[in-house]
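User: Hi! I'm new to protein structures and would like to learn how to read one. Could we go through it together?

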Amino acid sequence: MKRIMIIEDEPALRDELSVLLQNAGYEPIAVTDYDNVSEQMKVADADLILLDINLPNVNGETLLQDFRKEHDTPVIMLTSRTTEIDEVLSMSYGADDYITKPYNPTILLLRISVVLKRSAKVGAVQKYHDVEVSTVKGSLIRNGSEQILTKNEMIIFQLLLDRQGEIVTRDALMTALWDNDEFVNDNALSVNISRLRGKLAELGLLDAIETRKKQGYVLK
């Protein structure tokens with residue numbers, strides 16, 4: 001059972017998260033004392049941390065920055081802030097994902113699942129045919145040639161790779177990329193798919209991603 005640490009100072013939301021995670025088969029660890037949060041993060045032995053940005057007497061981004069000096073446990077930032085700069089700062093400090101409140105519980109669970117799967121494979125050597133997939137560097141390497149993927153391209157490719165040979169719907173891809181339907185841009189997904197195809201083609205992998213009309217995509 002995966003242990004997920006909840007660092008959220010709003011009691012109602014904290015309790016809601018605990019119940020949600022427990023019902024989903026996780027073991028929630030809820031922080032209620034905010035005087036020594038940094039130390040609690042370091043000794044919790046959690047598989048993933050849900051970290052609010054606005055906490056009593058401390059900033060979540062500062063906690064994350066300090067935590068990343070010694071630990072690589074996946075961290076998803078939870079915040080009511082919606083400015084792009086907050087997301088950029090969180091990701092630059094080492095956040096694995098960023099989700100805004102109020103969040104859709106189903107979407108949050110999916111994002112947690114994606115981050116856990118991604119982190120579990122960081123130390124492993126992944127292969128797609130004769131391509132080395134580096135989640136650490138966000139790159140694809142074939143015969144000494146390397147293509148760097150953006151964060152969104154890597155999320156798309158990882159999801160397609162996890163279900164290689166199966167149809168992955170556009171809805172599933174957009175859900176993995178964005179917080180909720182309100183922010184989904186169908187054209188943006190098409191652009192990311194097109195760029196990913198181009199990078200695969202640069203490695204000599206033509207037509208690696210097949211479009212299934214009105215269904216989704218298949219990584220061959």
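User: At what angle do the axes of helix α5 and α7 cross?

Analyst: Good place to begin, and keep in mind that this is a predicted model. The axes of α5 (residues 105-120) and α7 cross at roughly 80° and come within 9 Å. Angles of 65 to 115 degrees count as roughly perpendicular, so α5 and α7 are roughly perpendicular to each other.

User: Which residues in α5 and α7 meet?

Analyst: From α5 come Ile107, Leu110 and Arg111, and they meet Thr175, Ala176 and Leu177 in α7. Sorted by class, the residues of this contact are 4 nonpolar, 1 polar and 1 charged.

User: And how do helix α7 and helix α8 pack, at what angle and how far apart?

Analyst: Helix α7 (residues 170-177) and helix α8 (residues 186-202) pack at about 95°, and their axes are 11 Å apart. That angle makes α7 roughly perpendicular to α8. On the α7 side you will find Arg170, Leu173, Met174 and Leu177, which meet Asp186, Leu189, Ser190 and Ile193 in α8. This contact of α7 with α8 has 5 nonpolar, 1 polar and 2 charged residues.

User: Now I'd like to understand cores. Which residues of the largest nonpolar core touch the most other members?

Analyst: Let's take the general idea first. In soluble globular proteins, nonpolar side chains tend to be buried together. Here, the largest nonpolar core has 27 residues, and those touching the most other members are Tyr128, Leu140, Ile156, Phe157, Leu173, Leu200 and Leu219. The elements giving two or more residues to this core are β9 (131-134), α6 (151-162), α7, α8 and β13 (216-219). With 7 residues, α6 gives the most.

User: What is Leu140 in contact with, leaving aside its neighbours within four places in sequence?

Analyst: Its partners include Val131, Val133, Leu149, Phe157, Leu200 and Leu203. Glu132, Ser145, Glu146 and Gln147 are also in contact with Leu140. Elsewhere, a second, separate core of 19 residues includes Met41, Leu55, Leu63 and Val75.

User: Let's zoom out. How many helices and strands are in the chain, and what share of its residues count as buried?

Analyst: The chain contains 8 helices and 13 strands, and 45% of its 220 residues count as buried. As for the surface, the accessible area comes to about 11200 Å², with 48% belonging to carbon and sulfur atoms.

Methods:
Residues numbered from 1 in each chain as written. Predicted model: local features only at pLDDT ≥ 70, side-chain atom pairs only at ≥ 80, totals over all residues. Heavy atoms only, no water. Axes fitted to C-alpha atoms, helices over the stretch in contact; angles between N-to-C directions. Helix = DSSP H or I, 4+ residues; strand = E, 2+ residues; numbered from the N terminus. Parallel < 35°, antiparallel > 145°, perpendicular 65-115°, else oblique. Contact = heavy atoms within 4.5 Å. Nonpolar A, V, L, I, M, F, W, Y, C, P; charged D, E, K, R; others polar. Buried < 20%, exposed > 50% of the residue type's maximum accessible area, 1.4 Å probe, protein only. Areas by Shrake-Rupley, 256 points an atom, 1.4 Å probe, with all protein chains shown as cover. Core = buried A, V, L, I, M, F, W, Y, C linked by side-chain atoms within 4.5 Å.
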